[in-house]
Amino acid sequence: MGRITLDKVTKSFGDVNVIPPLDLTINDGEFVVFVGPSGCGKSTLLRLIAGLEDVTSGQIRIDGEDATDMPPAKRGLAMVFQSYALYPHMSVRKNIAFPMKMAGVPQDEQKRRIEAAAKSLNLTDYLDRRPGQLSGGQRQRVAIGRAIVREPSAFLFDEPLSNLDAALRVNMRLEISELHNALKTTMIYVTHDQVEAMTMADKIVVLRAGNIEQVGSPLELYHTPQNEFVAGFIGSPKMNLIRGAEADKHGVATIGIRPEHLAASTESGLWQGTVGVAEHLGSDTFLHVHDHGLGSEPLTVRVDGEMPVRHGDRIFLTPDESKLHRFDMQGLRA
Amino acid sequence: MATKASRAAARLMISPAVLLLLGWMIVPLSMTLYFSFLRYNLLMPGMEEFTGWTNYRFFLTDPAFTAALWNTLLLVGGVLLITTVGGTLLALLMDQPFWGQGIVRILVIAPFFVMPTVSALVWKNMFMNPVNGLFAHLAKFFGLQPYDFLAQAPLGSIIFIVSWQWLPFATLILLTALQSLDQEQLEAAEMDGAGPLSRFFYIMVPHLARAITVVILIQTIFLLSVFAEILVTTNGGPGVASTNLTYLIYMQSLLQFDVGGGSAGGVVAIILANIVAIFLMRMIGKNLEA
């Protein structure tokens, strides 16, 4: 079981209020991702749940039990750190065994769990090496192995993939998702990378300055962002946000349109501009369109990979009216 | 910068320094070796003659030698024990955030800047003196008999004084090592269910192993040759109760004017120091490998 409830939790460091009162419920078996820009309090929130920081006020409940003042070890949660935090003087086997040794698990049970974890994480050949002799991905797996053997009620991941190279990151992302499907344990995952959030999460919590901006499934956030911040943060490349006269036509302060919901043409369309940088990805091309008269920011538009446009060409854009997002003066969805 | 020419130039340029250091070491060493085989007493100048191993035989069979050997080992071992254990505990304490941290750190290093003769005299006259010392006053305040530290426990007192001097060194080295410990490792251990004691023994001590090795090696070098503290406090006495090898050699060559015997003692000390060094490197040298 791993149902975690935060009830009016706040955190201040001295005079700085990092997390204003915050309520959140994480259901058993869910994969929840906290996402937000640097310094938004997502790691602090995770450390509050882990018990590595004390809450200033409010209550944390794990499976209905008040865990606010419980020491980290008693909460039954396992954490994977950004730096992996492996013990450098211990072999991989001893690293994985450490939490069991502390908990007084019998030797043969320890051995069984280590073998099982090593097998599922492809670490069997490396059990007698030191962390210093492993690659980044292997260290990451050892850190996950050390978390698995505790059989925790929930896993906490603190930006676990940010130290890996791009290819390995995609692999580990899949492995962690597979792990979640196999274990069906609650996982809380902190990242600043919205692609990781979108691909892995059952539920995304978007944070800004300690406030929860929106909670929802990846597609909910994509289709119905509740405010401008979420709209701009979720989706890659970013949504185009247009203010001024064009927004007034729709009776709102800001309209947003995603690059993939703009139709591009070389002959005719609603808006027009000149093509700037074209980013060719093969399947798609992202065009940055300037001089469109809708604001100072260039518009980003996704076109087919084969579309024959060049730097400086004239281009016409037509937004898909049904996919247009409207935001009022406060930045809230209208 | 690893061409043949640059490497040859590098060798050429460091050679004066190397030759100077080599000469600096080899000349006194060979003179000591040479003197150790002579009957050479400053009270009888011009009477030097070759005596073979006699100097060594006299030095090694002197009852004071065995006593000095044990005293040396006790002194080195005792100070090492006190400074590494005490230094680790002090470093742990000073690693905690508290008000006035900067000043406390400066105060802690202070004993290291006090000259050995001065600190030994301060301890001898102001603290350990059985009549005027602070400890004597304290004892009298509680109605106890003052304890004459330097007469009753001469070696213990010297170990204490030398430890006081070297504790700051150990504390500082261990403190910097402790500060380089990744906090996430401690947090991970905490999440893994390790209490404060387990965290100390399983995470901190292994992390400190290298720093402790450095402390032990450097201190051993200096502690084998403790001299000033003995000279100004006990003069090696009572009897030979606080005489170490260095002090014994000093007595031999400068109090008895026996250059030959002193030289033989010096050579014995060199050999013993090397034995200690070999043992140390065997025991803890692997900690220095990356």
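**Entry 1**

I call two residues in contact if their C-beta atoms, placed from the backbone, lie within 7 Å. Helices (H or I, at least four residues) and strands (E, at least two) are DSSP runs, numbered from the N terminus. Axes are lines fitted to C-alpha atoms, for helices over the stretch in contact, and angles run from 0 to 180 degrees between N-to-C directions.

I am reading a predicted model, where local features need pLDDT of at least 70, side-chain atom pairs count only at pLDDT 80 or more, and totals for chains, interfaces and linings use all residues. Residues are numbered from 1 along each chain as its sequence is written, while chains are lettered from A and ligands numbered from 1 in the order in which they are written.

**Entry 2: the sheet in chain A**

I looked up helix α4 (residues 136-148) of chain A, which lies across β6 and β7 (154-158) of chain A and runs at about 175° to β6(A).

Which order do the strands of this open sheet follow? I read β6-β7-β8-β3-β9-β10 (chain A), 6 strands with mixed pairing. Two strands pair if DSSP finds at least two bridges between them. The edges are β6 (77-80) and β10 (211-216) of chain A, each pairing on one side only. On average, neighbouring strands here are turned by 15° against each other, direction ignored.

Inside the sheet, I found β3 (residues 31-35) and β8 (residues 186-191) of chain A pairing in the parallel sense over 5 bridges. A:Val35 stands opposite A:Thr191 in β8(A).

**Entry 3: following A:Phe286**

Next I traced β14 (residues 271-280) and β15 (residues 284-290) of chain A, which pair in the antiparallel sense over 5 bridges. They form a hairpin with 3 residues between them, and A:Gly282 in the turn has a positive phi of about 95°.

Which residue of β15(A) is the bridge partner of A:Glu279? I found A:Phe286, whose bridge partner in β16(A) is A:Arg302.

**Entry 4: helices of chain B**

The unreviewed UniProt entry marks residues 155-178 and 259-281 of chain B, among others, as "transmembrane region"; such annotations may be inferred rather than shown by experiment. I checked both spans: residues 155-178 of chain B are 100% helix with end C-alpha atoms 32 Å apart, and residues 259-281 of chain B are also 100% helix, with their ends 32 Å apart.

Helices α8 (residues 154-179) and α10 (residues 196-223) of chain B pack at about 145°, their axes 9 Å apart. Their contact includes B:Trp166 of α8(B) and B:Met204 of α10(B).

**Entry 5: a buried helix**

Why is α12 (residues 245-255) of chain B largely enclosed by the rest of the structure? Because 8 of its 11 residues are buried (20 or more other C-beta atoms within 10 Å of a residue's own, C-beta atoms being placed from the backbone). Among them are B:Leu245, B:Tyr247 and B:Met251. The cover includes α3 (63-95), α11 (228-233) and α13 (259-284) of chain B. Just after α12(B), B:Phe257 takes a positive phi of about 55°.

**Entry 6: where the chains meet**

I noted 15 residues from chain A and 13 residues from chain B in the contact. On the chain A side, α2 (92-103) gives the largest share, 4 residues.

Terms used:
Buried ≥ 20, exposed ≤ 12 C-beta atoms within 10 Å, placed from the backbone.
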